[in-house]
Amino acid sequence: MALLTPQRERSTPATEEKNSLGYRTKIILRHPATLLGVLLLLVFGYLIVAPVISLLLGAVQVGFGDEAKAGAGAGSLTGYYLDRVFSSPVSDIIFYTPLLNTLWISLCSMVIALALGVPVAWLLVRTDLPARRWFSSALIVPYMLPAWTFALAWTTIFRNRSNAGQQGWMETLGWEPPNWLAYGPVPIIVIFSLHFTPFVILLVTNALKNLPGQLDEAARICGASSQQRWWRITLPLLRPALLSAATLMFAKAIGEFGVAYVLGLPAGFQVLSTTLHQSISTQQSGIAAVIAAVMVGLGGISLLVDLRFLREAKRFTTLNGKATLTKTQPLARWRTPALVMVGGLFTISVLIPLGTLVLSTIMRVPGDFSLQNFTADYWIGHDLPTVGFSQGVLVSAATWRAMWNTLWMVGLAALCTGLLGLLVGYVVVRSPLRQLGTALRVITFMPYLVPGLAFAVAYLSLFAVPRGPIPALYGTATILILIMIADEMPFASRAGVSAMMQLGLESEEAAQSLGAKFSYRLRTVVLPMVRSSLASATLLPFVSGVQGLSLVIILATPGTELMTTLSMTLIDFGYTHAANAVVVLICAIALLGTWATQKLFRSNLADSLG
Amino acid sequence: MEPMITLRGLGKTYSGNHTPSVDSVDLEVQLGEFLCLLGPSGCGKSTTLRMIAGLEHPSTGQIVVGGTVFDDVAGGQCVPAERRSLGLVFQNYALWPHLNVKENVGFAPRVQKLSKAERATLVDQALQTLAISELAERYPGELSGGQQQRVAIARTLAARPQVMLLDEPLSNLDARLRLEMRAEFQRLHRQTGNTMVFVTHDQFEAMTLATRIVVMDQGRIQQVGTPSEIYDSPANRFVAEFMGSPPMNIIELGHNQAADTWMKSRDSAATSLGIRPEDLEITTTPTPGKFSLPVTVSALLPTGGSWIIELTDGQQRYFATSQQRPALTEGQQVQAVAQKLHLFDASGQRRTNVEAVAA
């Protein structure tokens with residue numbers, strides 16, 4: 001070809017190159033996903049990137065009021081905060097001790113959760129344990145509830161005289177729990193472990209179900225005993241899932257605030273999230289920024305580790321990962337001990353905490369189980385001795401206002417999150433500009449790494465004052481809704497991408513080749529076909545938004561009180577009955593929402609983890 | 001007459017790939033033709049089809065359909081897929097599960113903003129043509145594979161496309177249905193007179209359906225011709241070996257004594273020769289004037305109605321076929337006599353003076 005027409009080919013390469021560039025540009029610009037992607041970038045630039053950048057900048061820029069200390073004008077670059085956090089006389093107190101505490105607490109609870117979760121998952125999937133289907137949903141309950149719920153239950157039972165407020169059950173029953181049991185690292189580790197065990201159970205159960213049964217059978221044919229099969233075949237195949245679970249737990253444990261706040265502070269036990277909270281509430285925003293940046297860094301590291309394990313997992317799953325029914329292994333004489341163990345875990349992680357919370361709201365004196373001590377006053381009574389909250393939780397206007405605020409704000413945020421997630425999925429799957437999709441993916445994942453408290457601080461500093469056409473948002477519902485949207489985007493965009501991947505290209509292409517324009521295709525084909533994913537991508541953020549505490553605790557004002565902030569306010573007042581009652585209501589909403597998601601959309605809970 | 005579809009220098013290189021998936025394809029499809037793009041998977045046939053449909057965009061070249069320039073990379077011109085009025089039938093049918101058969105088929109008429117009466121007529125016609133009127137109210141999930149296939153075709157028909165494009169339309173059906181649908185396609189083509197372009201990797205499908213076949217490999221067109229042209233005079237070794245089952249027996253010259261002796265002084269440019277299995281006749285003695293190979297019968301494979309005879313000369317295997325039960329036993333020494341030979345030169349191109357050699 002080139003030999004035949006050398007003249008023509010050589011005379012116009014420049015113009016042809018230019019025109020073919022024009023052709024490519026035309027295709028990219030005309031693709032609807034391009035415009036959509038650019039719009040989404042703007043939205044997330046505002047909701048996610050700007051706050052994160054302002055947060056990180058806060059670590060190296062002199063804040064207002066710190067001019068004298070830093071010896072420079074507000075806004076100029078400074079190493080003052082870094083210096084103060086990393087190498088000053090107070091570094092140990094405000095940084096190194098909390099950091100070490102965070103690390104060893106996370107590690108301990110991670111190990112305990114794995115040690116508990118893996119055998120239980122195996123019992124649930126591979127053996128003839130009685131009622132294993134029931135257990136496999138019942139044991140997940142702790143994961144669906146906020147971790148600090150369990151902290152409240154713990155203090156209700158083990159509180160001692162070292163702190164003011166009502167006495168604990170143990171105390172009433174005549175035994176004063178020692179300090180190490182009532183507050184500090186031990187209860188925190190116990191609660192983290194109980195909270196994370198369901199997570200391990202879910203992930204490992206899923207991985208076990210996806211292991212082809214033939215692998216085990218092949219080993220059996222080769223003469224391996226059940227123990228050999230477990231240690232030599234199953235466990236090595238589960239390794240990626242286990243490591244991935246471990247890193248995700250680690251990342252979550254770093255950001256968790258409520259538990260350490262309830263159980264750590266009374267004993268002066270600090271972790272990173274509580275020092276962060278302290279530096280925020282004492283207006284040391286530069287220090288807060290440095291600590292937050294460290295937390296983001298730790299989250300980032302665990303994420304990178306997780307990605308590594310995921311890649312390894314992909315190498316494993318090249319075998320056809322089709323779920324096959326595996327014959328369950330009879331437990332024989334171990335059946336009863338196994339049942340006792342699983343039942344015990346259920347009792348400790350679900351029955352006792354929830355039962356304690358519920359009971360604590362209907363007992364006048366904690367821990368006194370005589371009949372006349374029970375009352376419904378804290379729920380429906382009037383003129384209670386608690387000043388400022390003198391009515392039962394169910395008849396108090398404050399509860400209903402907080403409930404209504406929670407429902408409509410979280411609901412609206414969840415709906416926006418679900419829709420935005422699908423649109424992100426659309427751009428990722430369809431855009432001819434691959435970079436656009438990648439950028440969106442990365443940006444929407446960022447909030448996962450930022451602790452809720454730090455994110456809230458960034459929002460506060462960015463949106464508290466009017467900026468350009470946007471008015472000051474502090475004290476409005478808007479700022480709460482925006483931050484909830486941003487915070488749930490990591491999950492929503494993942495759900496959106498997988499929904500769009502599952503939908504595939506062909507359905508839309510078929511409509512396109514039959515002459516349908518973009519908006520028409522979106523309306524008649526794409527959205528109807530992903531509506532169940534949309535629904536679950538809305539409900540799950542709703543469930544987690546309802547229990548969210550650290551994200552909203554410094555942004556909510558009396559006018560925009562939510563259920564979670566109301567319960568914290570009540571705790572600060574020492575009104576345990578009311579606080580626990582509000583928490584019980586939150587749990588009820590969360591469980592109902594989860595149950596509805598599963599029933600209505602048969603969505604897999606394991607997909608929503610993270 | 002102006003061809004219905006013209007492809008000029010069409011090429012497609014996916015980003016990240018060095019070699020093009022489709023490489024300077026030139027092709028003309030006439031009005032009313034039933035053209036088949038045939039080739040192994042990954043040869044660029046589906047990409048070519050999707051570029052015509054406008055779902056992929058070429059990196060070089062031009063696509064002209066019905067006198068309209070659809071793509072012209074050098075000229076910077078592109079008509080979006082939804083404005084091409086071509087019908088595409090997908091390999092997996094791509095029926096919309098939330099719409100019933102009637103709504104699926106009525107989609108294009110609705111998009112074209114036709115009146116209610118016109119829409120109803122078009123849908124009814126399309127359903128009747130495919131003989132699925134009784135399925136109108138069902139949802140895709142309630143249909144068998146063959147029925148889904150018919151709905152997908154009806155949906156495309158109702159759009160009244162100027163060209164129908166079919167992407168491996170039969171590959172998801174079982175053997176019996178495939179036969180049935182093949183006849184259906186033939187009838188449909190006769191009945192509607194539509195220009196149809198379809199993609200397949202199945203040579204039998206191509207042979208039975210197409211008026212012309214385009215054989216592709218590694219993004220390039222290897223040969224264009226009628227089914228019998230392609231089968232009887234393959235342009236090169238790729239086409240020769242791809243068409244036919246069992247495949248053509250190829251003998252590399254320079255390693256096989258019988259072949260070297262036979263070829264000496266006949267055609268010095270040929271480097272390999274090929275014999276279709278059905279052109280190998282098994283006899284006990286060599287036939288004078290014909291190329292014969294001394295071989296041993298190594299296996300007799302009945303395929304139901306015909307037999308495949310596996311032969312060996314100690315160096316390589318050969319296949320012959322027979323319509324009658326062969327009166328041979330394994331291990332028997334026989335002569336395989338070529339009734340027809342194909343010669344190929346060093347670049348794999350077919351030598352055109354073969355008949356003279358074989359006679």
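The contact between the chains draws on 24 residues from chain A and 27 residues from chain B. Please keep in mind that this is a predicted model.

Which parts of chain A supply the side that touches chain B? At least two residues each come from α2, residues 13-30, from α24, and from α25, residues 518-529. Of these, α2(A) gives the largest share, with eight residues. If we sort the chain A side by class, there are eleven nonpolar residues, seven polar and six charged.

Next, confidence in chain A. The mean pLDDT of chain A is 83, and 92% of its residues reach 70 or more.

Two stretches of chain A need a caution. Over residues 1-11 of chain A the pLDDT is below 50, and beyond near neighbours in sequence that stretch has two contacts in the model. Residues 318-323 of chain A are also below 50, and there the model has six contacts beyond near neighbours in sequence. Where pLDDT is low, the predicted coordinates should not be read in detail.

Now a helix pair inside chain A. Helix α6, residues 91-126, and helix α18, residues 335-360, have axes that come within 11 Å and cross at roughly 125 degrees. Because of that angle, α6(A) is oblique to α18(A). The crossing of the two is left-handed. What meets what at this crossing? From α6(A) we have A:L116, A:V120 and A:L123, and they meet A:A338, A:V342 and A:L345 of α18(A). By class, this contact has six nonpolar residues, with no polar and no charged ones.

Last, chain B. Chain B is divided into domain 1, residues 5-238, and domain 2, residues 246-358. How far apart are the C-alpha centres of these domains of chain B? They lie 38 Å apart. Six residues of domain 1 of chain B are in contact with six residues of domain 2 of chain B. On the domain 1 side, the residues touching domain 2 of chain B are three nonpolar, two polar and one charged.

That is where I will stop.

Terms used. Residues numbered from 1 in each chain as written. Chains lettered and ligands numbered in written order. Predicted model: local features only at pLDDT ≥ 70, side-chain atom pairs only at ≥ 80, totals over all residues. Axes fitted to C-alpha atoms, helices over the stretch in contact; angles between N-to-C directions. Helix = DSSP H or I, 4+ residues; strand = E, 2+ residues; numbered from the N terminus. Parallel < 35°, antiparallel > 145°, perpendicular 65-115°, else oblique. Left-handed = near helix turned anticlockwise from the far one by under 90°. Contact = placed C-beta atoms within 7 Å. Nonpolar A, V, L, I, M, F, W, Y, C, P; charged D, E, K, R; others polar. pLDDT = per-residue confidence, 0-100. Domains from an automatic or database assignment.
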